[in-house]
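Here is a short note for a colleague who is opening this structure for the first time. Please read the points with the model in view.

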Amino acid sequence: MSDKVYPEDYLDGPVRVHSLDRKGSLAVRATQSSTQNYASVASFNSSIAGEAGKEVIETWVIRILHLDTLFIALAFNAVLVYLVVQLSGESGLVIGFGRSIFKYASPVLMQVYMKLCHERMTNALNDGMAHYIGYLISKKKGYSIAAAGFIQSDLFKKISFAARLSFRSPCRKMLYQLSWVWMGHMAIVILTVFASVGMHTEDLRSRVGTRSCLIYTENGSPTDRGFPTLQVEMGVAEYVFGTSLGLLSSEQAIPYSTHVLPPQLIDTLTDGTEIVGNGFLTDIKSDCVCSTTSSAADLVVAGASNSIVQSLITQINSLQGDAGLATSISQDLQTGNITVLTVMTKSGVCAGTNSSSPALPVCKVLISNHLNARVTAKYMTDGTPASVAINSVTIDEVHEAANMSWVLASLQNALGGDISAVRMPKSYPGAMNPMLWWATSNMQSINAAYLNSGLETTFAMILRVGMIRTLNTEAHLCPQTLIEQNAIIISLHETQAAITWVFVSSLMILWVFALILSLPFMFSQHPIKPAIRFVKDPIYFRIMIAPVLESGLIKGGFQPLMDSADMWPRMDIVLRLGESLATKDDPEQGQIVLGKPKIVTNLTKGKLYC
């Protein structure tokens, strides 16, 4: 390859440029012996050397293109703003592809994108600071070149960079202030974790015709159709999904349970069929304590009233030591709320050694807040009529309050009166009755930790039986919905949406700050891109600093200084980067130098520099 000679661009003495090596680098060796201390700078990238003798032109277009990191950061932030607006809206963000991916990975994808936005802003903020420091170094008075170390330092080293400089440093105050900005920028990245955990996904449903259904109503007066019974419910309880009963505290971290009565499908269906219709919501809250014994006095202490305690003991005795529930129903005439005092027999949950008068759990089950609602019921089947069952219910809309007298009648019909006893025999040897499984951890014995939530589920099934046999029914055509197989709705909870807005707002404030820092570069009357490059590019910085080291302005040889821990504090001197006064009067060619401000002048647009 032929030799190619460049002007004396970076070193003071004459240089000899040899041929390109295999890696495309230029081997530059200074002929002066005084350059031996910084000979390591002699190998640098050909792209840097190739710019020697290049015309310096900084038009508006070139300067705008030089702000590419700011525009990229703005684009990323704009997309994030759009996502937050859509995700926090009532309808959420509909994604028409990748359903299986977004259903489980949306929190991770959201966090990754927010971190990408943060990274893009890191680049924009670093460039904005570089533009401003480069502008200061190219000014008439010059600036401390140690400020370039702030730009070239790692992310976290920027925070403590100013503390390493002398108190008399001309750039310490500004870099200290910028370090606080940088610290705030690095701190907000933690918000990505809290924002992403609030992602919620749900299936996208579309209306596809109607299906014949029964709607339960409270028109007229309550009646007892006599079916279904609790014995029937016990026979199928092991096949019941908790999601088909409503919102249960035994399956979700909620303080109480809400029973949901959906419309009943009476038409043909396929697995996954969903119908929408009117239904009812009823809250159920259980509170249990253990009596000392099963005597009347101890039952009263545990919560039973004196007026019913003897009748309650009669019902307990009627169970003859079998597992079951002895109940007493009462209603508050002012609030309409219903309390079912329930005593569980042969549960073993209260322990004790008195077998003749064992300790018994006495539970007050409060039933309240009976409301009309619009409900979606999802059905499942394996293709046979006997397998048709409700898989889950979803509350779409909550309407006005319903009539609690129908709930009272439903409980009376299901339990067999105001004071009654219900046997709950085992369905399998060694196992509890399936209606009590939600109160166990192994289906074999009641767990005290699950007693309240499990009993709420039991009463949700009792209430379902009672309402089906008590409420009136009307035939309707219920709208059918179909789950879109390739689409999903993603939404963001209110708290996490607020956190995300704080994150986005912080990024936009930092973006405006970075833009303000870049304004001196945009409106500079003289070219300052070489100064910005000097601040940002470590290789170009070393090339330009080599003659300064030789001149003695900075003590120490090139390599010892570059390897020392106090490199930047020792470079805390005011210099200026611009055109050498020696070439100022040359209208065609000039030389870019780094030196004392009094021997350096402004660069000139359109001039050829080396």
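1. Start with helix H11. Its buried residues are covered by elements that include helix H10 (296–302), strand S12 (324–331), strand S13 (338–345) and strand S16 (419–423). Helices (H or I, at least four residues) and strands (E, at least two) are DSSP runs, numbered from the N terminus.

2. A word on the source. This is a predicted model, where local features need pLDDT of at least 70, side-chain atom pairs count only at pLDDT 80 or more, and totals for chains, interfaces and linings use all residues. Residues are numbered from 1 along each chain as its sequence is written, and side-chain values use heavy atoms, with hydrogens and water left out.

3. Which residues of H11 are buried? In this helix (residues 309–318) they are Val309, Leu312, Ile313, Gln315 and Ile316. Buried means under 20% relative accessible area, exposed over 50%, partly exposed in between (1.4 Å probe, protein chains only). Seen down the axis of H11, these residues fall within an arc of 160 degrees, so they line one face of the helix. The arc is taken from the directions from the helix axis to the C-beta atoms. After H11 comes Gln320, with a positive phi near 55 degrees.

4. Next, a helix pair. Helix H3 (residues 68–87) packs with helix H14 (residues 494–522) at an angle of about 160 degrees, and their axes are 10 Å apart. Axes are lines fitted to C-alpha atoms, for helices over the stretch in contact, and angles run from 0 to 180 degrees between N-to-C directions. H3 and H14 are therefore roughly antiparallel (angles over 145 degrees).

5. The contact itself (heavy atoms within 4.5 Å) involves residues of H3 including Leu70, Leu74 and Val81. On the H14 side, Trp501, Phe503 and Trp511 are among them. The residues of this contact divide into 16 nonpolar, three polar and no charged. Ala, Val, Leu, Ile, Met, Phe, Trp, Tyr, Cys and Pro count as nonpolar, Asp, Glu, Lys and Arg as charged, and the others, Gly among them, as polar.

6. Now a loop residue. Leu553 sits between helix H16 (538–551) and helix H17 (558–563). Leu553 counts as partly exposed, at 34% relative accessibility. Leaving aside residues up to four places away in sequence, Leu553 touches Val548, Ile573, Leu575 and Lys596.

7. Finally, the whole chain. The protein chain has 18 helices and 22 strands. Of its 610 residues, 49% are buried.

Notes
Angles under 35 degrees count as roughly parallel, over 145 as roughly antiparallel, 65 to 115 as roughly perpendicular and the rest as oblique.
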